[in-house]
Amino acid sequence: MYDRKLSRRRLLGGAAALAGAAASSSLLAACSVGSGSGSGGGARGGSGTLTIMMPPSEITDEVIADFEAANPDIKINLIQFDRTRLTAMLAAGEPPDIARENATYSAFFAVRGLAENLDPYIQNSSVIKESDLAGIQDLWRFDGTRQGQGPRYGLTMDYSQDAMIWANESLFEQANVPVPSDTTPLAFEELPDLARRLTKITNDEKTEVFGYGGEVNLTMPQLAHMVAAQGGRLYNEDFTAVDFSSPEALKAIQFWLDLARANVSYGPTRPNPAGWDGAAYQAGRLAMVSYGYWFGAGLAQVPEIQQRSKFLPAPTFAGKRVSPSYAGAGVWIPAKAKNKEGAWRFIEYFIGGEAAKKRAEAGRGLPPLKSLESRLPQDTPYQKQWYDTQQRELPYFDVVVVGTPYVSSASLISILTTEFKSAVPNNTSAGKVADSLNRQINELIAQEKDKV
Amino acid sequence: MTLATAKRPAGAAATPTAAAPQRRWRRHRPRTFYSFAAPWLIGFALLTLFPLAYAFWLSFTNYDGLAPKWGYVGVQNYERALADPKTWSSLARTLVFVFLLVPATVGFGLFLAVLVNQRLPGRGAFRAIFFLPVVVPVVAAGFVFRMLFDRDTGATAAVLGWFGLGPVEWLADDKALIVMLLMILWRVGSSMVISLAALQGVPQELLDAAAVDGAGSWRTFFRVTVPIMSPVLFFQVVNGAIDTLQIYLPALLLSAAGQARLDTVPGEGLYIYMVHVYTQAFAKGDLGYASALLWLLTAITLIYTALVFRFSRRFVYYEAGPSDEEGRR
């Protein structure tokens, strides 16, 4: 009889074993990439369904409605940006028609043959002109070896010169520290001391105000920027090896180690409970935060902070004044996209059309086209100060390559952050950090290069 | 209906006409069973067995999902996993976590079950309150716990301040493991509900008999109630350990303020085994190596389960286990 065989012991034991097996298999299954939902449509001229993978915060319902109204033959299917899902879709040969990526790491897809060359589209476009493209768009170039040269594989929607600084004038006044000039950049060497003077610690040892914020961490964009500002470079000619042991790189690593150990900021040993330092700045607990122009639009929620925020140029080392972008979020068309023409029609609207104009007018970063720069907001005195500072900073924009095409951004972030989190509390020297980074990243490049 | 048909003597043979459909039914019974089980079996094959086998194959490759050139690398991933110090340190941290969390969850769940099993006014409300954290999304819980344990502004900082103690950086180093332990213990309500169901299944006559024999409440609890509940407690221990071995989301959420991003890198305190796997699979895109790590974990889980079952006979009481049934045959 069935009921005799199914004793309570067997039932409980079986249930436990099954739960274990099922749980393990679900985890294992997570590693096996399956097929995602593909894009639809694909008729000539780009009509049909257009599948876009982006965060809804960057492509709003209004953008979609406006585009669909102007292009009634195209229906947008927006899917939430998810890198794991994107990988699955690319692996299955069913990618979205448009995906999001930062310009800084765009060569990763290009070198694998996954991205469409957009140069022919740009050459035939009446909306997006080569001569009108902002300097950031050169970061999407890739010639098979070097980023910054060759055809473009994507376009940035908006960007910032991310090493620039926002200063809360009220907190400077409370600390009796003069607000730095918005015409002459600070030196990187000045920052730790300035942050120390602005940091306010209560009698019971709690930190009421942090002097500095942004990303107190080792990140490729920050390190590449600081090395470039000293006239050095992180990678060799063909981007197959990285060198953090150069004097320029060691100086940059030492800067971040010193800053993190100075207890003047959130960082690896002082995790920010909100997850990002912008929240602390908005709460009036951060005197300086290193974010680009885009951050100004986010200050609208706190008018008292917004009005007392002064925008400052990016710090520099003695040498070349460089003020690059650390991201340059944009869009690209996967090589196997089903509806490339529809995708380009959307990109024209998004990068050069009404959507881009509205983003520029809202001050959500610097526009992707030079012709839109005059649309940045200048209505109030503080907006004017931000605009003027930004205009003075733009000539110092330069294409600084931060990644190697062979390694993903997430891999680099993981290696650098892990190293920094270990080095700061353990008082590891910059030299040892550099050696460890060289070993880990160069091993990874060697491993990944063979697969490309 | 006649009296003869209504009162058929017990054990009387069925008439040939009544027995025939039953025989026909018996003949079809296996087919019927498989027909009903087929949807689950097909789902199991497609969604569990196939991915398992595929992941096993991947563990012998250098697949990353994107690279055009990838292939078979033999047991290289397994060798690498065994030689990787992070594998061992994260596994050790995970095992410590299992040994702390599982007894704490089962013990505390049982304690709460006993409490809310008392005939007290408002016990329904207490049951709901204790169970409530289970329905709070884990993402929200992660965010709340980050706020609670913030060094400068968290509620714990205020409490420590009352006792004249300085601020503690809970979210860095190994102290973050304590926060994660508390975050998971906060959701002990599910264990409470399982134990409560078992508690209510303890036969009243056994408790009455123990009382008649002069046993006190403690003695009755430990000598009667707990042994009868032991299969359910054992089930929780086995399942709890398997679940805990695979925990990673709370670690990521505590590290990244409610956003388990791909590039989230928890500090050493929260770098448990599944975080190591997650980092390899999603941050580094090394799906082959991550699959090998997962198969190692599966092997550990199976060994643990087998050992626990082997030793369970010593402390788990079954009213009518298989050996008893065999003895009766």
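Start with helix α17 (residues 409–426) of chain A and α18(A): their axes come within 11 Å and cross at roughly 155°. Axes here are lines fitted to C-alpha atoms, for helices over the stretch in contact, and angles run from 0 to 180 degrees between N-to-C directions. Helices are DSSP runs (H or I, at least four residues), numbered from the N terminus.

This is a predicted model: local features need pLDDT of at least 70, side-chain atom pairs count only at pLDDT 80 or more, and totals for chains, interfaces and linings use all residues. Residues are numbered from 1 along each chain as its sequence is written, while chains are lettered from A and ligands numbered from 1 in the order in which they are written.

Stay on the pair. α17(A) and α18(A) are therefore roughly antiparallel (angles over 145 degrees). Now select A:Ser411, A:Leu412, A:Ile415, A:Leu416, A:Glu419 and A:Ala423 in α17(A). They meet A:Val433, A:Ser436, A:Leu437, A:Gln440, A:Ile441 and A:Leu444 in α18(A). Contact means that C-beta atoms, placed from the backbone, lie within 7 Å. The contact of α17(A) with α18(A) has eight nonpolar, three polar and one charged residues. Ala, Val, Leu, Ile, Met, Phe, Trp, Tyr, Cys and Pro count as nonpolar, Asp, Glu, Lys and Arg as charged, and the others, Gly among them, as polar.

Next, select helix α10 (residues 247–261) of chain A with helix α18 (residues 430–449) of chain A. Their axes come within 9 Å and cross at roughly 115°. That makes α10(A) roughly perpendicular to α18(A) (65 to 115 degrees). Residues of α10(A) in the contact include A:Leu250 and A:Ile253; those of α18(A) include A:Gly431 and A:Val433. By class, this contact has seven nonpolar, two polar and no charged residues.

Move to chain B. Select helix α4 (residues 85–116) and helix α13 (residues 273–283): they pack at about 140°, with axes 7 Å apart. Look for B:Lys86 and B:Ser90 of α4(B), and B:Tyr273 and B:His276 of α13(B), among the contact residues.

Last stop: α11(B). Where does α11(B) bend? The bend is about 55° at B:Ser230, and a proline, B:Pro231, follows within four residues.

Notes. Helix = DSSP H or I, 4+ residues; strand = E, 2+ residues; numbered from the N terminus. Parallel < 35°, antiparallel > 145°, perpendicular 65-115°, else oblique. Contact = placed C-beta atoms within 7 Å. Bend = angle between axes of the 7 residues up to and from the residue.
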